[in-house]
Amino acid sequence: MKVRSKYITVYICLGVALLLLFCGGLLYGAVRIPIGSVLEIIAGTFEGRQTWVQIVMQSRLPQTITALFAGASLAVSGLLLQTLFKNPLAGPSILGISDGAYLGVALVMIYFSFNTYLSTILAAFVGASVVLLIIIGFSRKVRNSVMLLIIGIMVGYLASSIISILNYHASPDKVHQFVLWGMGDFTGVSMEKLPWFVVFAAGGLLGSIFLIKPLNALLLGESYAANLGVRIKRVRIAILLCTGILTAATTAFCGPISFIGLAVPHIARLLLGTSNHKQLLPITLLAGACVALLCNMLTVVPGSNSILPLNAITPIIGAPVIIYVIVNRRNIQYFN
Amino acid sequence: MTRQFFIGFVFIILMASLCSCESRSGVTAETECFKADSVYYAKGFEISRFDDWIIVNVRNPWDTLKTLRRYVLIDKNKPLPDSLPEGIIIRTPVEKAVFYTSVHASMVVQMGRIDAIKGVCEIQYVTDSLILERIADGRIADIGLATAPNIEKIIELDTELIIASPYENSGYGAAEKLGIPIVEAADYMENHPLGRTEWGRFYGLLFGEGERADSIFFATRDRYNHLKNLAAKSEKRPRVLLERKYGASWIIPAGGSYIGTIHSDAGADYIFSDFEGSESVHQTFESVLDRAYDADIWLFKYDTKHEYTYDILKDEYQPYSNFRPFKEKNIYICHTIRTTYYDDITLHPDRLLEDLIFIYHPELMPGYDLRYYAPMK
């Protein structure tokens, strides 16, 4: 009962924070637009400077929605991976899954002149899935989770070294494109592209909600879960599909974003004090969206018109959480 | 005794002052041989000529009070003098040089010394057809990345000189230990277009083409200033927006930069000319839209495989279509690999200026054909 009331409190707090941060994303930006005007713009009754309408509706709105879904997707895929590998340090960027997606996109960018959103997402998905399959393959042989993590890191290195070699032969603009893309960016998704991103991200998130029960069973150990009637193989494939879609969609549209996938599930566990996915998953989803919205706002340097790269901001929030988790590992019961 | 001592003392004083006069006159003799070349636009280097050598001081572009490098250019055909001034000795004319950037290699081609180019880094950026031809038949070697050049190749080529673009607080790694002089070609840090051109005079001295390089510079200078005066006659100054968004930021050249200067000289009202200094500034899309939505003309450079069209630009980022030049189809684009843009702008900013004047004031240049930019379709 105690856990449940805590869950409701955290749920409401995060819901309110999400709402505030969402509004903050629309109100705050490099150009100062009065709150009244922003509200009128959203209501469609604003009749002043048209540039402001364009800024709010075509730049800030899609950027905020992108941040919301990207944050939620990365956090949830981080949670799925941590449960699947029973490893608190698993996450899309650590296990090389983002790099795999990155490699897929890089291949498409260089060798195909047509890169539609669909082909980019597909390439990112294939790249992410291949890395995931490799790691799952190894997870059967290597039981030690730290060793598996190291294998993940190595696969990530392999993917990035292939990317470097591709870059060497790529035309200069492509190299430039990669470097910038690698910094992470919520601004690249315009209103027209947004539905594509939202459909994939929402699909992956919805799918992960259906996985709550088997995820809880996995926490008890595979043989126990099998005894409970969970089809381990199917569940693994379903988790792989969900994480693949979530990581691929965000990486394809926003570039590889570090730390959100790794750190947010821990924030959720610290807030809740439970590893029950029924409560953990929604909280991770909300917290991921909040953290991404906050990071998105922090990229705009107050008082100036300039902008910081997103991946310069996410570690500021993510890294201390990870260090805290590692230091207090024995006191926090995660995968019991 | 006192008198004798006094005479002795006076004698010593006299001798001492005579000696010192002699040594001072020695200095004077050397100073007389010295003649400084006037440098007109460049702020980064100065040339001093002596009997047996030429000294070129390259200033640190990031701290202009300091000297970055001091080069002592000595004629190869003369014996090496016994006493040498402090600095990096370069025997001229250089016959085997390796270039970290294609831009400098192309400058040397224009001075008629393509034979001295033995290697170039990052050949994918090369647009000069003569260099490309020699790369194809192996007379010019590919040295790899400028950040990680192929050291063994540099040694194998028996290189006499490396020409590199310096970056702040970064060295040249293993290349520094080869004992091959490295010329730090900091021309890209000059803020005036002709300042960059003037660096050609220094490179000319290295390759024994000092006079030719001087004449290229003076011709370019006169033509540039003539065109600038022509543009100044026009009363209307179109408001200009430059470049486009990369990733999350729109990199805006400052008003005092090379780009800011040349657009202003071409008779444009550069929207961000109030950004002080010469360094580019990262801006958010919304702040650029807020200031520049009603620009008259928009120019950007690109180097993608595909051509840019209004549809592709809109597809890349839909909010671009809010700018007035987009709506009124006043966008001009320049492909930096298919044109010789980067190879030309250092020695021939006048050619770029011509293009820009034609775009901003077509009435001033009837019958002109654009060289680098083209109206977007």
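# Notebook: salt bridges, cavities and a surface patch

K76(B) has a relative accessible area of 27%, so I logged K76(B) as partly exposed. I am working on a predicted model.

**Entry 1. The partner of K76(B).** I looked up what K76(B) pairs with. E160(B) forms a salt bridge with K76(B), and the closest N and O atoms are 2.9 Å apart. I then placed both ends. K76(B) sits in the loop between β4 (67–75) and β5 (88–92) of chain B, and E160(B) in the loop between α4 (151–156) and β9 (161–164), so the pair ties together parts 84 residues apart in sequence. E160(B) is at 24% relative accessibility and therefore counts as partly exposed.

**Entry 2. R324(B) and D296(B).** Next I checked another chain B pair. R324(B) forms a salt bridge with D296(B), with 2.4 Å between the closest N and O atoms. R324(B) belongs to helix α10 (residues 324–327) of chain B, while D296(B) is in the loop between α8 and β16 (297–302), so this bridge links parts 28 residues apart in sequence. I noted R324(B) as partly exposed, with a relative accessible area of 29%. D296(B) is partly exposed too, at 25%.

**Entry 3. R338(B) and E307(B).** The closest N and O atoms of the salt bridge between R338(B) and E307(B) are 2.6 Å apart. Both ends lie in loops of chain B: R338(B) between β17 (331–335) and α11 (341–347), E307(B) between β16 and α9 (310–316), so parts 31 residues apart in sequence are tied together. R338(B) counts as partly exposed at 48% relative accessibility. For E307(B) I recorded 42%, again partly exposed.

**Entry 4. Network and total.** I looked for bridges with shared partners. R223(B), D350(B), E354(B) and R371(B) are joined into one network by such bridges. How many salt bridges does the structure hold over all chains? I have 26.

**Entry 5. Largest cavity.** The structure holds two cavities of 30 Å³ or more. The largest has a volume of about 180 Å³. It is lined by 19 residues, and the closest to its centre are G29(A), R60(A), Q63(A), V300(A) and E286(B). Which elements each supply at least two lining residues? They are α3 (50–84) and α13 (277–298) of chain A, together with α8 (285–292) of chain B. I noted that α3(A) gives the most, with four residues. By class, this lining has eight nonpolar, nine polar and two charged residues.

**Entry 6. Second largest cavity.** The second largest cavity holds about 30 Å³ of space. I listed its lining as F259(A), I260(A), A263(A), V264(A), V291(A), C295(A), T314(A), I317(A) and G318(A). In chain A, α12 (260–272), α13 and α14 (310–327) each supply at least two of the lining residues. How does this lining divide by class? I have seven nonpolar, two polar and no charged residues.

**Entry 7. A nonpolar patch.** V146(A), M147(A), I150(A), I153(A), M154(A) and Y157(A) make a nonpolar surface patch of about 550 Å². I followed up M154(A), which lies in helix α6 (residues 145–169) of chain A. Is M154(A) partly exposed or buried? At 43% relative accessibility, M154(A) counts as partly exposed, because buried means under 20% and exposed over 50%.

Definitions and conventions:
Residues are numbered from 1 along each chain as its sequence is written. Chains are lettered from A and ligands numbered from 1 in the order in which they are written. This is a predicted model: local features need pLDDT of at least 70, side-chain atom pairs count only at pLDDT 80 or more; totals for chains, interfaces and linings use all residues. Side-chain values use heavy atoms; hydrogens and water are left out. Patches are made of residues with over 30% relative accessible area and no salt bridge: like charges are joined within 9 Å, nonpolar side chains (Val, Leu, Ile, Met, Phe, Trp, Tyr) within 5 Å. Accessible areas come from the Shrake-Rupley method with a 1.4 Å probe; for residues, only the protein chains shown count as cover. A salt bridge is a side-chain nitrogen of Lys or Arg within 4 Å of a carboxyl oxygen of Asp or Glu. Buried means under 20% relative accessible area, exposed over 50%, partly exposed in between (1.4 Å probe, protein chains only). On a 1 Å grid over the protein atoms alone, a cavity is a set of points where a 1.4 Å probe fits but cannot get out, and a pocket is an open set with protein on both sides within 12 Å along at least five of seven lines; lining residues have an atom within 4 Å of a point. Grid points are joined across faces, edges and corners, and a volume is the space filled by probe spheres set on the points. Ala, Val, Leu, Ile, Met, Phe, Trp, Tyr, Cys and Pro count as nonpolar, Asp, Glu, Lys and Arg as charged, and the others, Gly among them, as polar.
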